[in-house]
Amino acid sequence: MRRLQRYLAAIAFTSSLLVMSLGNHPVIAQTTAYCQESEAVRQEKESLLQKALQGDTEAQNRYKQLINQQAQQLAECRDRTPPQHQAIWLRLYPCDTQPGVLDKIMDRIVSRGYNYVYIETFADGQVLLPASANPTAWPAMVRTPGTENTDLLAEAIQKAHERGLKVYAWMFMMNFGYSYGQRSDRQSVLARNFKGDTSLNVVDNASQVFIDPYNVQAKRDFYQLVQQVVRRRPDGVLFDYVRYPRGLGGASVVSKVQDLWIYSEAARQALEQRALNKKGRELIKRYVAKGALSASDVDEVDKLYPDEGEPLWQGRTPPTQEEKKVLPSAAARRPLLQLELWRLSVAHALQGILDFVALAASPVQQQGIQTGLVFFPDGNQVVGEGYDSRLQPWDRFPTSAEWHPMSYAACGNADCIAALVQRVFKYAPPEAKVIPAIAGTWGQSISNRPSLEAQMSAIERAAPQVKGMSHFAFSWQEPETENLRKSCRWK
């Protein structure tokens, strides 16, 4: 991995150029542990909301006073109760456009002590934008007749802000979704391996369609999408799927160049452009096309360009003048050249992710909005003779963004979860703001994971510097409510 870091440090990319071109009845809202409200307060709030929706003016005033009071109390409680940043992941549905539903959702989130909510904004090939004002390459999530002008994201942000909640727009990044992958005019955008396969051929979730981060059309489409999202003024934008797909079985490890997702035209051209002389370019082309380098390849390239010394590319240390005079035999040089071309290819794949991150973050940062990057703590590691196929270079993520490691290990206790967080701090620079994401429910174990309280306690002991955590997900905590919301039966 240190060698790959060297290659990554030496590789320059021009994504920045594309960015340039392109009342009378006060209720005391008592809180319990973790800033959660008492059951009496929750019931009072829900009763007031129901009456307010029926047109009761007094109830409307009392309800507004109560949510304002709770917003202030939540802020005070979170200031003195770790973690100061406590978030929950939330998916919205078309039925959430019904009157009062967003109010009820946000009220329940506040009641559980959260001061941040991560709203799924782009996922599974759909966007949370109004159908009538959606210039992006993806269909709107809300397409029910009569809701064409409904801006569910903007409304959710407003409802959350009224209650003192900060909102992050949670967006998939390199996974553009099934609908995008079916477009005839976007087939060249998709990431491909040596066989020409797309991610649809190697993952068990057909909604996952990964793109080539070097493709200009992919950059334009995603940049436009992010611009539309930041116009809604969320408090942050959280990028997920900042990686390549994870294959099944043996394909979960990449150990040869054919396994890499660098075989679409844009990625291949960008790799060849990393050559610093004609010999380097020709060897890169042959290595990628064949998947290996032979002694005859080296010999033939020497004869093609006799005026050049060693083949050169970004990250390769040039030989000294003395070494240039008489080159060792092609057979003697082939093993090292092939090894260095493998490292270059992996570094190239990694750099594509990092450049795409910079591009996507640009319109967010221009508006002074916080960015965050979601990742697997074990997604960047060496596995045997190869690498984890996700090739997620989170240890090189910019520290201007928050780091959100998905600490979802399931071993029956919290030790393996805390270990993932510790691994992040082992490689993270001191200035990185790490906000672990954990999965579970309050007060009970689920899916071989202990309660949220137990997980949080373990993380606090293992990494006391953590000031924020997030919980996946609202649907886990209220599965019945989730089902009712999907079917428009939550009244």
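**Salt bridges**

I started with salt bridges, counting a side-chain nitrogen of Lys or Arg within 4 Å of a carboxyl oxygen of Asp or Glu. By this rule I get 33 salt bridges. This is a predicted model, so I note the limits: local features need pLDDT of at least 70, side-chain atom pairs count only at pLDDT 80 or more, and totals for chains, interfaces and linings use all residues. Side-chain values use heavy atoms, with hydrogens and water left out, and residues are numbered from 1 along each chain as its sequence is written.

I looked up Arg-485 and Asp-96 next. Their side chains meet in a salt bridge at 2.6 Å, N to O. This pair links distant parts of the chain: Arg-485 is in helix H17, Asp-96 is in the loop between E1 and H5, and 389 residues separate them. For the labels, I take helices (H or I, at least four residues) and strands (E, at least two) as DSSP runs, numbered from the N terminus. Are Arg-485 and Asp-96 buried or exposed? Both are buried. My cut-offs here: buried is under 20% relative accessible area, exposed is over 50%, and partly exposed is in between, with a 1.4 Å probe and protein chains only.

Then I checked Asp-388 and Arg-390, whose side chains form a salt bridge at 2.8 Å, N to O. Asp-388 has a relative accessible area of 4%, so I file it as buried. Arg-390 counts as buried too, because its relative accessibility is 3%.

Glu-402 and Lys-433 came after that, with a salt bridge of 3.7 Å, N to O. Glu-402 lies in strand E10 (residues 402-405) and Lys-433 in the loop between helix H14 (415-427) and strand E11 (437-439), so the pair ties together parts that are 31 residues apart in sequence. Which of the two is buried, Glu-402 or Lys-433? Glu-402 is, with a relative accessible area of 3%, while Lys-433 is partly exposed with 43%.

I also found a network of salt bridges. It links Lys-279, Asp-302, Glu-310, Arg-316, Arg-333 and Glu-340.

**Disulfides**

How many disulfides does the structure hold? I find three, taking a disulfide as a pair of cysteine sulfur atoms within 2.5 Å. When I number the bonded cysteines of the protein chain in sequence order, the pairing reads 1-2, 3-6, 4-5.

I took Cys-35 and Cys-77 to begin with; their sulfur atoms are 2.1 Å apart in the disulfide. Distant parts of the chain are linked here: Cys-35 sits in the loop between helix H2 (15-21) and helix H3 (39-53), Cys-77 sits in helix H4 (residues 57-80), and the two are 42 residues apart. The link of Cys-35 and Cys-77 is left-handed, with -95° about the S-S bond. Both Cys-35 and Cys-77 are buried.

Cys-95 and Cys-488 were next, with sulfur atoms 1.9 Å apart in their disulfide. The pair joins distant parts of the chain, 393 residues apart: Cys-95 is in the loop between strand E1 (85-90) and helix H5 (101-111), and Cys-488 is in the segment after helix H17 (479-486). I noted the loop between E1 and H5 for Asp-96 as well. The Cys-95 and Cys-488 link is left-handed at -80° about the S-S bond. Cys-95 counts as buried because its relative accessibility is 8%, whereas Cys-488 is partly exposed with a relative accessible area of 29%.

My last pair was Cys-411 and Cys-416, a disulfide with sulfur atoms 2.1 Å apart. This link is left-handed, with -100° about the S-S bond. Cys-411 has a relative accessible area of 37%, so I put it down as partly exposed.

**A sheet**

In what order do the three strands of the open sheet run? I read E6-E9-E8, with antiparallel pairing; two strands pair if DSSP finds at least two bridges between them. At the edges are strand E6 (253-254) and strand E8 (382-383), each pairing on one side only. E6 and strand E9 (residues 386-388) pair in the antiparallel sense over two bridges. Val-254 stands opposite Tyr-387 in E9.

**The UniProt record**

I looked up the record at the end. In an unreviewed entry, UniProt places the feature "domain: Glycosyl hydrolase-like" at residues 111-249. UniProt positions are in the numbering used here, feature names are shortened, and annotations may be inferred rather than shown by experiment. Over residues 111-249 I find the chain to be 22% helix and 16% strand, with the end C-alpha atoms 43 Å apart.
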